[in-house]
Amino acid sequence: MVGKWLHSQRVRARRGHLDPVLNQTLTEIDPWWNPPWPTDWQREHHHAHAAVTAGTLLDPQAGFRNFDDRTGQWLYAQCVNYTALQPGQQHLLARLGLTEPVAGTAVPNPATRHPAMETGLHYARDWAAQHGALDLPRTAPPHLGFPLGRWLATQRHQANLHRDLFDTPWPHDEHLARIDPYWNPPWGMKWQRRYQAARNQLTPGQNLAPQEGFLNTPDWTGQWLYSQCAVYDGLHPRQQQLLAGLGLTSEGARTALPRRKTQAASFVAGLAHAWAQEHGNLAVAEPARHDGYRLGAWLRTQRRRASRGKLPADRIKALEAIDPHWNPVGGLRWQQAYLAARTHTSGRSLTTTADLNALPSATAKWLFTQCSSYGSLHPEQQQLLAEIGLPSERARALAPPPKTPQPARPVRPRLKNPPCAFAAGLPYAQAWTAQHGHLTSADYRTEHDGFPLGWWLYKQRRAAHAHVKRTGRPWPHNPQLAALDPWWNPPWRATWNHGWHQAHTYYSTGMPFPNQTTKWIRTQQHTWDQLHPHQQHLMTTIGIHGHAPLWRYNSRPVHLTDQPTELINTHETNPEHELRSSQARPVGTRKQRQAPRQHPPHRQTQPAN
């Protein structure tokens, strides 16, 4: 309601209808309550200011990695557009330490889940400078760590959706068109990628000779060019202009002849493109291309036909003449790993374990695996290993000793109907509390003296919540369990207590927090304002006070001041905190997907406990 009221006052102020007294009062509360720039900008600045005030290091040269994902991307966008900002905005950024010289040193963070437009444009310019176009597919490998292919596919979808809905150009289309005018052509990216592939295969000014079936062009390129001649009149005018840039005019399209190649000639063309002369083998991965020819996919088809007995004998002999192991018995992955090991072991002796350990870790691990499973290898694989210095006797001598079998854990037969009655589990809960001092560490799989205590506690929490929801009165058995542990059924999820208990165990023993516990603490700090007040107090008992710098995770304060010494387990809390804390799920509701730990959003409605 406050947000709607403030929005209404801003609208009235901009129209000149706001009471001057009210305007003066709001200005005294916040001088920037009605800025001349968008209110969303002001909100983002507030989040950045709160992070800097809490001690977050402003490091533009590292891509603002110390901030959460959205705030870091927003700060980089401000650095890119710094000169276009209003003086008031520049003044607010300068208060954060982001002046114009500092903004000029900013770089984007490629490891982002919510990339700003400026971040994507940065990597798009870099790609276009190297390759000349933005035709990479959605599944393309990341460019400098940034998923540029996926980002461009998203921008094309947004641009097409905007054009269909509003019949106007997309606001960001101009920025990408400056990098590549054909980044989102109306004829689709499939045609554009094939055009770029054909362009890369041709030389400037080359005579295509369409009337002779494009004899002077590579096989695939000639076939594609003739297919364009067959539908030339139906192409977009700009497509025709692009083909004219390759040398295919309207006159040439009308006189073009198709390529007449037999299946055997196509097979010879596939062999001609083999990269065996360059790489020494035909262990080609499926996506690989050679001179624009899909050699990997072609070889996969030949292997598949050979395994089914449908490949002619003359073709098998021709491929074996190029590489005797073109269709390896151990599979393509085994062959590729063997070739890498052969490269790394060239000129080395493999007589001792130390010789294998001196190799790259991946190769050493693979060779040890082959030694361990030498007896199960195909004779052809054993022969290949012998060629690199691992005959049968040496491989068995270098095989690591088998692991000592671990004693099997006694499996207690699970009862079909385990006892869930309160009286059946209370003695075990009392015994667990007497041994550990609380019920916090009893997770769902905990068993005590053969009794499924964790499952029993889960059933009691569900019964307590169902009773309160149904009757509005406290559960009758709550005092008995609260006497054992006041936090046996907290107003947040019980899994949060397990994480806190682990952190408390390390803290109380004076040991540094391990990585998993440190990540859990980082999550609580990012969502500190959304935690329940009692959760915040429990965090202070392990030395965590709000948004502390990361280097203080493993520091232990000498004294805890201004903190309550006892907690009261009551559900009569502030409704606002009750909604913002992570509640136990009511029966029948679906568990919500948690936000990733490495990029916790700063405006999420539930803490990732």
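So, is Trp 496 buried or exposed? Trp 496 counts as buried, because its relative accessibility is 0%; buried here means under 20% relative accessible area, exposed over 50%, and partly exposed in between, using a 1.4 Å probe and protein chains only.

Before I go on, some housekeeping. This is a predicted model, so local features need pLDDT of at least 70 and side-chain atom pairs count only at pLDDT 80 or more, while totals for chains, interfaces and linings use all residues. Residues are numbered from 1 along each chain as its sequence is written, and side-chain values use heavy atoms, with hydrogens and water left out.

Okay, back to the tryptophans. Trp 492 is buried too, at 1% relative accessibility. The ring centres of Trp 492 and Trp 496 sit 5.7 Å apart with the planes at 70°, so that's an edge-to-face pair. For the rules: rings of Phe, Tyr and Trp (the six-membered ring for Trp) pair if their centres lie within 6.5 Å, and planes under 30 degrees apart are stacked, over 60 edge-to-face, the rest tilted. The whole structure has 20 aromatic pairs. There's also a cluster, where ring pairs link Tyr 182, Trp 187, Trp 191, Tyr 195 and Trp 224.

Now, helices. These are DSSP runs of H or I, at least four residues, numbered from the N terminus. Take H7, residues 117-131, and H8, residues 148-166: they pack at about 120° with axes 10 Å apart. The axes are lines fitted to C-alpha atoms over the stretch in contact, and angles run from 0 to 180 degrees between N-to-C directions. Who's touching whom? From H7 we have Met 117, Gly 120, Leu 121, Tyr 123, Ala 124 and Trp 127, and from H8 Leu 148, Trp 151 and Gln 155; contact means heavy atoms within 4.5 Å. By class, that's seven nonpolar, two polar and no charged residues. Nonpolar is Ala, Val, Leu, Ile, Met, Phe, Trp, Tyr, Cys and Pro; charged is Asp, Glu, Lys and Arg; the others, Gly among them, are polar.

In the loop between H7 and H8 you'll find His 143. His 143 is buried, at 7% relative accessible area. Leaving out residues up to four places away in sequence, His 143 touches Tyr 123, Asp 126, Trp 127, Gln 130 and Leu 148.

Last one: H3, residues 39-53, and H4, residues 69-80, cross at roughly 115°, with axes coming within 10 Å. Here Trp 41, Glu 44, His 45, His 47 and Ala 48 of H3 meet Thr 71, Trp 74, Leu 75 and Gln 78 of H4. That contact has four nonpolar, four polar and one charged residues.

How values were computed: Helix = DSSP H or I, 4+ residues; strand = E, 2+ residues; numbered from the N terminus.
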